[in-house]
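The sequence and structure are shown first.

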Amino acid sequence: DDAWTHYVVDGWLPSPNIEAVLVEENVTWVGTSSGLVARSGAQAARFAIGVPLAIQRSASGVLWIGTTGGLVALADGGTPLDLSDDQVTYFTTGDGLTVSYVRELSIDSAGRVWCATSAGIAVLDPSGTPHDKTDDRWASFTEGDGLAGDNANAIATEGSSRVWVVHEWDSVCCLDYAGTPFDKSDDAWALFGEGSPVGTCSGYAVLVDAEGIKWFGLCPGLFAFDDGGTL
């Protein structure tokens with residue numbers, strides 16, 4: 001009883017190369033190799049913000065987009081197909097990113113944005129004002145801090161104190177920042193690689209579900225992990 005609809009490059013989809021999708025109640029956001037598209041019903045709007053690789057909306061309503069050119073904050077004013085009332089702010093290495101190529105992002109319960117890049121991970125606290133950089137706080141983490149490796153492919157936050165990262169070649173790791181991401185003195189790290197059930201591999205996706213189960217998309221397959229609340 002399946003029903004499929006095949007969307008091709010016809011008038012609203014600028015490219016068949018789909019990098020990211022976010023489905024909301026009244027609009028679908030599609031990141032393509034030719035830019036970001038918002039579609040509602042038969043109408044669509046295109047945003048020239050680079051190549052989107054990850055899309056998430058924060059609890060405050062801001063759309064955060066990881067792109068090949070950095071991180072983007074988009075406030076659509078509640079009218080996603082009307083670009084005239086949009087506010088857009090761009091973040092690059094000059095602001096605090098480890099590298100201006102955000103492969104994946106995750107928003108924690110405090111509204112901080114965590115970014116996975118090929119040069120480690122970075123976190124931005126916009127202090128509730130994503131379009132005002134004067135009160136921003138940034139922190140970055142690399143292998144020297146405790147990451148399993150600097151080449152991070154995906155990231156997922158858990159509550160207000162943990163972040164899970166999957167790597168190219170370096171499997172999985174977790175940072176417990178004890179609720180203070182800008183104070184590294186109380187950080188705790190757990191590495192899951194050689195000797196663990198996942199072994200040494202590459203990872204490309206991670207999700208923390210409502211029950212706290214961690215799901216890892218790794219090159220040997222799909223893994224579900226319950227840490228029992230204790231790393």
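In which order do the four strands of the open sheet lie, and is the pairing parallel or antiparallel?

## Sheet arrangement

The order is E9-E10-E11-E12, and the pairing is antiparallel. Strands are DSSP runs of at least two residues, numbered from the N terminus, and two of them pair if DSSP finds at least two bridges between them. E9 and strand E12 (137-141) are the edge strands, each pairing on one side only. On average, neighbouring strands of this sheet are turned by 20 degrees against each other, direction ignored; axes are lines fitted to C-alpha atoms, and angles run from 0 to 180 degrees between N-to-C directions.

Four bridges join E9 and E10 in the antiparallel sense. Leu105 stands opposite Cys115 in E10.

## Model and confidence

The model is predicted: local features need pLDDT of at least 70, side-chain atom pairs count only at pLDDT 80 or more, and totals for chains, interfaces and linings use all residues. Residues are numbered from 1 along each chain as its sequence is written, and side-chain values use heavy atoms, with hydrogens and water left out.

The average pLDDT (the predictor's confidence in each residue, from 0 to 100) is 94, and 100% of the residues score at least 70. Confidence is lowest in strand E4 (residues 43-47), with a mean of 92, and highest in strand E10 (residues 113-117), at 98.

## Pockets

A pocket is an open set of points on a 1 Å grid over the protein atoms alone, with protein on both sides within 12 Å along at least five of seven lines; lining residues have an atom within 4 Å of a point. The largest pocket has a volume of about 230 Å³, the space filled by probe spheres set on the points. Its lining comprises 13 residues, with Gln56, Ile155, Ala156, Val206 and Leu207 nearest the centre. Strands E5 (52-57), E9 (104-107), E13 (152-158) and E17 (203-208) each give two or more residues to this lining, which divides into nine nonpolar, three polar and one charged.

The second largest pocket holds about 170 Å³ of space. Residues lining the second largest pocket include Tyr7, Trp12, Arg39 and Gly41. E1, strand E2 (28-32) and strand E3 (35-40) each supply at least two lining residues.

## An exposed residue

Pro16 lies in the segment before strand E1 (18-23). Pro16 counts as exposed because its relative accessibility is 67%, the threshold being over 50% with a 1.4 Å probe and protein chains only. The C-alpha atoms of Pro16 and Glu211 are separated by 35 Å.

Conventions: Buried means under 20% relative accessible area, exposed over 50%, partly exposed in between (1.4 Å probe, protein chains only). On a 1 Å grid over the protein atoms alone, a cavity is a set of points where a 1.4 Å probe fits but cannot get out, and a pocket is an open set with protein on both sides within 12 Å along at least five of seven lines; lining residues have an atom within 4 Å of a point. Ala, Val, Leu, Ile, Met, Phe, Trp, Tyr, Cys and Pro count as nonpolar, Asp, Glu, Lys and Arg as charged, and the others, Gly among them, as polar.
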